[in-house]
Amino acid sequence: MMGSGEWSIEKRSSFRSDSFSREIDNVPETGCLSIIVLGASGDLAKKKTFPALFNLYRQGFLPAEEVHIFGYARTKISDDELRNRIRGFLVDNKAASSKHSDDVLKFLELIKYVSGSYDTEDGFQKLDKEISEHEISKHSHEGSSRRLFYLALPPSVYPSVCKMIRKCCMNKSDLGGWTRIVVEKPFGRDLESAEKLSAQIGELFDEPQIYRIDHYLGKELVQNLLVLRFANRFFLPLWNRDNIDNVQIVFREDFGTDGRGGYFDEYGIIRDIIQNHLLQVFCLVAMEKPISLKPEHIRDEKVKVLQSVLPIKDEEVVLGQYEGYRDDSTVPDNSNTPTFATMVLRIHNERWEGVPFILKAGKALNSRKAEIRVQFKDVPGDIFKCKKQGRNEFVIRLQPSEAMYMKLTVKQPGLEMSTVQSELDLSYRQRYQGVVIPEAYERLILDTIRGDQQHFVRRDELKAAWEIFTPILHRIDDGEFKPIPYQPGSRGPVEADELLGKSGYVQTHGYIWIPPTL
């Protein structure tokens with residue numbers, strides 16, 4: 001890849017999609033961009049935020065002549081100490097080259113560190129001074145500069161940090177400049193806390209300035225969902241209750257909490273994965289076609305789906321906790337926190353009435369994957385007697401080995417008239433050789449700079465999501481709903497598979513999808 005110093009405007013424009021190019025071209029010439037990472041010394045910033053910024057820089061999306069990056073945290077360290085902390089996370093050592101090393105050095109030179117508290121003015125005034133000096137050095141007219149604040153912080157400090165940003169660090173926006181904030185999940189613990197947090201931030205910033213980031217919305221295959229559904233003629237008449245029997249949205253990890261037991265125990269698998277990541281995917285699978293691709297039109301349809309979800313029934317929920325979870329010294333001995341959950345959501349509308357949407361997530365299971373599995377109904381009048389082999393399924397593998405494939409029944413090659421299940425397969429590594437799939441954070445940070453909120457969570461969407469899960473979460477918190485123990489390395493509680501069967505899912509026997517080799 002080229003370093004940012006080698007990218008001319010023409011090269012950058014030809015590299016980017018048209019929408020990226022138009023957006024970059026529309027940015028005022030004098031408006032430099034300051035990206036401020038709050039919580040710069042933490043794990044999220046080191047492992048996700050700074051590497052995403054580096055990749056955008058390396059691809060020419062963050063030109064050195066326009067952009068400066070500021071780290072802010074309570075830790076008292078120097079600029080060079082912060083740079084040394086993040087250096088090792090920017091490039092895979094196996095793929096490192098002299099060119100990449102040069103890019104790393106040039107990128108690190110763009111980073112300035114400021115130390116300060118999250119709830120007092122002194123540090124933020126110092127931060128504002130540093131940003132302003134950078135803007136002056138770039139000859140930016142007052143009001144034309146852009147300031148992006150990325151809160152790589154616990155939600156508990158969002159209100160105080162946002163107050164300080166509002167009071168000390170805002171950019172005047174009368175000449176095309178802006179101030180935007182990115183907040184990470186979890187957005188609260190339940191409906192009440194989420195609404196309180198939204199109200200506190202909403203008093204300080206307008207909704208178009210707030211970007212609630214859920215990195216699942218930046219994944220390549222998740223971004224493909226709207227294209228698949230609404231740009232392919234053969235899906236349009238099939239995507240409804242008349243043809244689809246059930247839909248599974250699955251997230252599986254083959255490891256436990258891995259030293260994050262204390263953090264995880266505060267939230268659990270429903271808050272950590274299902275209420276946000278899987279629910280976002282659920283919305284894109286189930287929503288109606290928006291009237292356009294404008295962010296608000298898409299988000300309007302997502303909200304309608306969430307508002308159509310019926311209350312979750314107790315008999316359609318299975319919770320689990322893997323054996324050994326409480327051995328973690330940071331986890332309470334009597335913890336009731338689920339590390340596994342399978343639950344059925346039902347949508348009360350014309351398209352989906354009667355179709356179960358099965359959301360399943362768990363830790364310490366027998367495999368690692370995230371996928372969407374759309375299972376179609378049986379073929380009526382089956383003259384080949386092949387029902388036992390399994391149904392047609394459309395599977396979208398989100399991670400790892402991104403792919404989408406359709407499970408079909410075909411004739412077994414040979415002289416006999418026998419059938420077997422096979423697939424039509426689009427595996428990205430094979431089909432798009434040499435194409436680097438961007439990390440989710442890269443895409444979403446770039447969307448924030450562009451001002452595109454399509455892949456971010458709107459306030460009313462957040463409220464509707466919490467309304468679905470808050471009743472059952474309160475019962476879990478109160479100890480009324482108990483998780484079932486399961487063995488690490490298993491599929492989870494047996495009761496979860498039983499729930500799948502009751503919901504109509506038919507498992508395919510004797511078929512295993514194997515990613516094609518190059």
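Student: In β12, which residue is the bridge partner of Gln-375?

Tutor: The bridge partner of Gln-375 in β12 is Glu-393. Please note that this is a predicted model. As a general idea, the strands of a sheet pair through backbone hydrogen bonds, either parallel or antiparallel. In this case, β11 and strand β12 (residues 393-399) run antiparallel and are joined by six bridges.

Student: Which other strand pairs with β11, and over how many bridges?

Tutor: Strand β7 (residues 244-252) pairs with β11 over eight bridges, again in the antiparallel sense. Within that pairing, Phe-376 of β11 stands opposite Ile-244.

Student: How many residues of strand β5 are buried?

Tutor: Seven of the seven residues of β5 (residues 178-184) are buried, so this strand is largely enclosed by the rest of the structure. Both of its faces are covered, with Trp-178, Arg-180, Val-182 and Glu-184 on one side.

Student: Which strands pair with β5, and in which sense?

Tutor: Strand β4 (residues 146-151) runs parallel to β5, with six bridges joining the two. The residue Leu-151 has Val-183 of β5 as its bridge partner. Strand β6 (residues 210-213) also pairs with β5 in the parallel sense, over four bridges. There, Val-182 finds its bridge partner in Tyr-211 of β6.

Student: How does the chain get from β5 to β6?

Tutor: The chain passes from β5 through helix α8 (residues 191-202) to β6, a β-α-β crossover that is right-handed.

Student: What is the strand order of the sheet that holds β5?

Tutor: The order is β3-β2-β1-β4-β5-β6-β15, an open sheet of seven strands with mixed pairing. At its edges stand β3 (111-115) and β15 (456-457), each with a single partner strand, so one side of each has no neighbour in the sheet. Further in, strand β1 (residues 33-38) pairs with β4 in the parallel sense over six bridges. One example from that pairing is Ile-36, whose bridge partner in β4 is Phe-149.

Student: At what angle do helices α7 and α8 pack?

Tutor: Helix α7 (residues 158-168) packs against α8 at an angle of about 10 degrees, and the two axes are 9 Å apart. Angles under 35 degrees count as roughly parallel; α7 and α8 are therefore roughly parallel to each other. On the α7 side the contact is made by Tyr-158, Pro-159 and Cys-162, and on the α8 side by Leu-197, Gln-200 and Ile-201.

Student: Is Glu-301 buried or exposed?

Tutor: The criterion is relative accessible area, with buried meaning under 20% and exposed meaning over 50%. Glu-301 has 11% relative accessibility and so counts as buried. This residue lies in helix α12 (residues 295-307). Leaving aside residues up to four places away in sequence, Glu-301 touches Met-287, Glu-288, Lys-289 and Pro-290.

Student: Is Pro-311 buried or exposed?

Tutor: Pro-311 is exposed, since its relative accessible area is 73%. Its place is the loop between α12 and β8 (317-322). Pro-311 and Ile-347 are separated by 36 residues in sequence and by 9.6 Å in space, C-alpha to C-alpha.

Student: Where does Ser-144 lie, and is Ser-144 buried or exposed?

Tutor: Ser-144 lies in the loop between α6 (121-137) and β4. With 2% relative accessibility, Ser-144 counts as buried. Ser-144 and Asn-171 are 27 residues apart in sequence, and their C-alpha atoms are 8.3 Å apart in space.

Student: How many helices and strands does the protein chain have, and what share of its residues is buried?

Tutor: The protein chain has 16 helices and 16 strands. Of its 518 residues, 55% are buried. Among contacts with a separation of 6 or more, 77% join residues 24 or more positions apart. The accessible surface comes to about 23,700 Å², and carbon and sulfur atoms hold 51% of this area.

Technical notes: Residues are numbered from 1 along each chain as its sequence is written. This is a predicted model: local features need pLDDT of at least 70, side-chain atom pairs count only at pLDDT 80 or more; totals for chains, interfaces and linings use all residues. Side-chain values use heavy atoms; hydrogens and water are left out. Buried means under 20% relative accessible area, exposed over 50%, partly exposed in between (1.4 Å probe, protein chains only). Contact means heavy atoms within 4.5 Å. Accessible areas come from the Shrake-Rupley method with a 1.4 Å probe; for residues, only the protein chains shown count as cover. Two strands pair if DSSP finds at least two bridges between them. A crossover is right-handed if, with the strands pointing away from the viewer, the path from the first strand over the helix to the second runs clockwise. Axes are lines fitted to C-alpha atoms, for helices over the stretch in contact, and angles run from 0 to 180 degrees between N-to-C directions. Angles under 35 degrees count as roughly parallel, over 145 as roughly antiparallel, 65 to 115 as roughly perpendicular and the rest as oblique.
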